[in-house]
Amino acid sequence: MTRWGILPWVLLAIVLGLVCGTFFPEGLSRVFFTFNDIFSQLLNFAIPLIIVGLVVPAIGDLGRGAGRWLGLTAGLAYASTIFAGMLTLAVALWIFPGILHRGTFSDVHATEDDLASTSGYFTIEIPAPLEVMTALILAFVLGIGLSIVPRGVLRRGFLEFREIITALISRIIIPLLPLHIFGIFLNLTQSGEVGKVISTLLVVVVVVLVLEVVILGTQYGIAGAVSRRNPVKAVWTMKDAYLTALGTSSSAATIPVTLRQTLKNGVRHPVANFVVPLCATIHLAGSASKITAFAIAIAFTQGVGVFTGQWIGFVFMLGIVMVAAPGVPGGAIMAAVGILQSMLGFDEQQIALMIATYIALDSFGTATNVTGDGAIAMVVDRLIGRRLDEKQRVAPTHEYVPFDPDAYIEQVSYE
């Protein structure tokens, strides 16, 4: 998984689930249903810890000492993420009723419950330490508090807790996800509902990919107008960052390439060195679009009643909680699981479908995120970069200047 990433394993799990579901005996299937039930219990236990462990230091870092640069960059990143989510929401609510059918596989929910609860050999109850909404409010309060008080023992403690939670995600939850997804599709195949699920998700995939093209076009159209640069040339210059993100599925791992291509677009070195690493953490327009689209599709086809006002609130909250997404593939969806449950009422099987579909398209969302970082850098460069003192300006160059992004982010966070 370290060498090839999680995507091949997820695709393999889906294929094996489809194949094995046609001939697995009941006794063997019950082994995987038992694992799914235990894994779901573990996931429910971990969700509040993930929220607290990732959101608290993320908000604390954003609130400290970068002044006007930080405020403008964070505001543009959040506005871009919300725009992507709201655009997807409007398009999905307009298009999906015509191409999808309400309650198409609502009976899958009942089938999943029956198999998970009665066909497993045993179950283990793992109560969550906090309610999801309690964890969210606690994370906001502590994060804002850490941004106000001087750094100290509590701050360092939450940074260490973030490392623990990141390890929990990257070393336990993410590696076990393919096995969990295998069990889900094994169940769907044996229940006879897999054809409906696959056909529905393929339609949504096409809509999401088109929307991400529109999102990037809008971002660079605005950035080109503000910075007075050719938007088509600018977005074409960022193609190396886009293609690199397709392979890494990580915004953090793509930072050096994103920085190099941003400099080629004429952004000043100080601006690019600040904006690119920061936006790799807080700008998730592509991820917001994907999560919103698939959440609407699953809610619509499974008959989950969600009002328009709830969807709007979900999008605004999504832009906040995904700031905490760690630099691992699938981090954004793991950070969003809490509000999928608390605000939309998704159950374990619906969460599993969300995770599977998100990871299957993770690299495309990441590529949209990092490419959009270049557009934000162009806007910041126009609004603030020109006010830099002449001695601090560095002429744009096509030469790549190596730097340590992790150390730079830490420096910006604590100064």
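Rings of Phe, Tyr and Trp (its six-membered ring) pair if their centres lie within 6.5 Å, with planes under 30 degrees apart counted as stacked, over 60 as edge-to-face and the rest as tilted. The model is predicted, so local features need pLDDT of at least 70 and side-chain atom pairs pLDDT 80 or more, while totals for chains, interfaces and linings use all residues. Residues are numbered from 1 along each chain as its sequence is written, and side-chain values use heavy atoms, without hydrogens and water.

**Exercise 1. Follow the aromatic rings.**
Find how many aromatic pairs the whole structure holds, then examine Phe32 and Phe182.

*Solution.* 
- Step 1: A search of the whole structure gives six aromatic pairs.
- Step 2: Phe32 and Phe182 make an edge-to-face pair, with 4.8 Å centre to centre and 70° between the planes.
- Step 3: Now place the rings. Phe32 belongs to helix 2 (residues 26-62) and Phe182 to helix 6 (residues 153-191), so their pair ties together parts 150 residues apart in sequence. Helices here are DSSP runs (H or I, at least four residues) and strands are E runs of at least two, numbered from the N terminus.
- Step 4: Both Phe32 and Phe182 are buried; buried means under 20% relative accessible area, exposed over 50%, and partly exposed in between (1.4 Å probe, protein chains only).
- Step 5: Widen the view: Phe23, Phe24, Phe32 and Phe182 form one aromatic cluster.

**Exercise 2. Describe a helix packing.**
Work out how helix 12 and helix 16 pack, and which residues make the contact.

*Solution.* 
- Step 1: Helix 12 (residues 285-301) and helix 16 (residues 362-383) have axes 6 Å apart, at an angle of about 140°. Axes are lines fitted to C-alpha atoms over the stretch in contact, and angles run from 0 to 180 degrees between N-to-C directions.
- Step 2: This makes helix 12 oblique to helix 16, since angles under 35 degrees count as roughly parallel, over 145 as roughly antiparallel, 65 to 115 as roughly perpendicular and the rest as oblique.
- Step 3: Helix 12 contributes Ala285, Gly286, Ser287 and Lys290, and helix 16 contributes Asp362, Gly365, Thr368 and Asn369. Contact means heavy atoms within 4.5 Å.
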